[in-house]
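Please keep the sequence and the structure in view while reading.

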Amino acid sequence: MATAALSTVQLAPGQAAWRRFRRHRLALAGAVIILVLVLGSAFGPYLLPFDDTYIDIMKRFAPPLSGAHILGTDELGRDVLARLMMGGRVSLSIGIVAMVIAMAVGIAVGAFAGFYGGVVGAVLMRLVDAVLCFPTIFLLLALAALTEPGLVTTTMLIAATAWMAVARVVEAQVRSLREREFAVAALAFGSSNLRIMFRELVPNAIAPIVVAATLNVAKAILLESYVSYLGYGIQPPAASWGNMLNNAQIYLTSAPWLAIAPGVAITLAVTSFNFLGDGLRDALDPRMSIP
Amino acid sequence: MARYVVNRLAQAIMLLVIVSGIGFAILHLAPGGPLSQFAASAQMTQEDLDRVTRQLGLDRPLPIQYLDWFGRMLKGDWGRSYRDGEAVLSVISSHLGATLELMATATIIAVLLGCWIGILGALRRYSLFDTLATVGAMIALSIPTFWFGLVTIYLFSVKLGWLPAGNRQTVGDGSFLDLLHHLIAPAMVLALVETAMWGRFMRSSMLEVINQDYIRTARAKGMPEWRILTVHALRNALLPMITVAGLQFPTLLGGALVAETVFTWPGMGRLFLDSIGYRDYPVVMGILMFSATMVLIGSLLADIFYAVVDPRIRVG
């Protein structure tokens, strides 16, 4: 930090941010791991000789590295690696799509509440407070129990329980930015409220929004694994990292590898997104970072 | 002070009303609404359904139904379980003890361990210990609780045989040692995430305090370092942790649900999941409302307690 303050050469904001990000080795590692997981899930299944739902009852419970099954087979003789890759598609997509929806709703609610303030803002933010009173897993499971489980429902429900935190961040940002000169100037120019909100205020709050989005993916992947593990998320025969662990407890003594691979995949993905979020916070918004 | 408490109390009551509104809405979203239990039965005719609807007052306007429902909730009439007809509140309270036991144990472990790690990390900032603790905390926050539970069972129950793989006690036994033996693994699993959170908050709180002027003044006076740490730094750094305790509560409850499921612990979380499996909506709704109310009261108490120990809060 000291050298940066002393140097006379001014860096462009983007360049400075990239320098700070590069220094955060764990965030870089996280980005690489995410890339590997995404590419592996996207293209891996084409390279494997096994289909993720192909049942081979004669070869059930084959331990890892036995023959062609690198990660072994499960209780129905399905290839664990193939299921891990197909499960990765599901889990990572849910993480990203749920994040996008949660961000959209959270930004919209937060921007409206922060911009208009007053009764509208107070009502919206009290609603956010109220929903946050419900422990996420309880709310998610209760809603999942009322609906038909599946890919779309699970994604929507996770988004429904994740937007409040975003709304809080955006509301605080917009409320403070609203008073700044550029916002007042836009108002004097005769820009519409909507334009000021989404073209002036929200873009200026982009740093905390990007950080929240990254951390949100981590949270969504984790939540998917919880609901699917408990049986209310992605339903078999489709694989997800969460539902692969569904039966793992029963076979823990005889086939522990069934529990290891999906658990490591979830932990890797979530840790990577969390570190990436940490690195982005240091890079984009140095004031907010934990020392 | 009284004004602050009254203000905060009014806020909490307003929140409780909104929370109950959300709960009521979810109840009516259930397939078949509050009548789902009857609608599922093949012997029920449409006339029977209409009669039950009238009897239960479900033909009245929704706002009136809501007021009625909310009034009965306040009086402690939370409906009856579809499964055995037992009152919802007594079903919940019979499972509450096990959950509280688990949560309290995990919290004690997490507070002691987390604060110790956080303080040490702040005092030796950027040391090897601090780096390992920071990275470790991030990984701990990323591990799915249920998977950590599975790994714990595999290591300590299957491989080493040291700890039981679940349940609260051995059938026929129930001695203190037996209960403790069963408590270790689930409490450890639940404590992991909590320890990481407490450690992170404690570290940043301590870092903030040790750079304050009064610490420098104490040092300039020639006060011994241990006294600066315990009397001046620690006391001030621990204050914000009261808020953390309040903030952590929903996560703790959610974690308890997962830990209870993995370790077949007979608590509220496991009851919740079983009730979902049986489509026992009154119990599901009851636990949902009960946990939200607990969270509300928890954050209210944390705020009031914080205002008691830190007078600056009352003004703001």
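In this report a helix is a DSSP run of H or I covering at least four residues, and helices are numbered from the N terminus. The model under discussion is predicted.

**A residue in chain A**

Under that definition, A:Ser93 belongs to helix H4 of chain A. Is this residue buried, partly exposed or exposed? A residue is buried if 20 or more other C-beta atoms lie within 10 Å of its own, and exposed if 12 or fewer do. Because A:Ser93 has 16 C-beta neighbours inside 10 Å, it counts as partly exposed. Although A:Ser93 and A:Ile221 are 128 residues apart in sequence, their C-alpha atoms are 8.9 Å apart in space.

| Helix pair | Axes come within | Crossing angle |
|---|---|---|
| H4(A), residues 80–116, and H11(A), residues 206–229 | 8 Å | roughly 130° |
| H5(B), residues 88–123, and H8(B) | 5 Å | roughly 35° |

The axes of H4(A) and H11(A) cross at roughly 130°. H4(A) is therefore oblique to H11(A). The crossing of these two helices is right-handed. On the H4(A) side, the contact includes A:Ser91, A:Ile94, A:Gly95 and A:Met99, while the H11(A) side includes A:Ala213, A:Asn216, A:Ile221 and A:Glu224. By class, the residues of this contact are twelve nonpolar, four polar and one charged.

In chain B, H5(B) likewise passes H8(B) in a right-handed crossing. The residues of that contact comprise 21 nonpolar, seven polar and three charged.

**Chain B as a whole**

Chain B contains 14 helices and zero strands. Its C-alpha trace spans about 85 × 55 × 35 Å along the principal axes. Of the 316 residues in chain B, 36% count as buried. Among the contacts in chain B with a separation of 6 or more, 70% are between residues 24 or more positions apart.

**Where the chains meet**

How many residues of chain B are in contact with chain A? There are 40, and they touch 38 residues of chain A. The elements of chain B that give two or more residues to this side include helix H1 (2–29), helix H8 (176–210) and helix H13 (281–309). The side of chain B that touches chain A has 35 nonpolar residues, five polar residues and no charged residues.

Methods: Residues are numbered from 1 along each chain as its sequence is written. Chains are lettered from A and ligands numbered from 1 in the order in which they are written. This is a predicted model: local features need pLDDT of at least 70, side-chain atom pairs count only at pLDDT 80 or more; totals for chains, interfaces and linings use all residues. Two residues are in contact if their C-beta atoms, placed from the backbone, lie within 7 Å. Ala, Val, Leu, Ile, Met, Phe, Trp, Tyr, Cys and Pro count as nonpolar, Asp, Glu, Lys and Arg as charged, and the others, Gly among them, as polar. Axes are lines fitted to C-alpha atoms, for helices over the stretch in contact, and angles run from 0 to 180 degrees between N-to-C directions. Angles under 35 degrees count as roughly parallel, over 145 as roughly antiparallel, 65 to 115 as roughly perpendicular and the rest as oblique. A crossing is left-handed if the near helix is turned anticlockwise from the far one by less than a right angle, and right-handed if clockwise.
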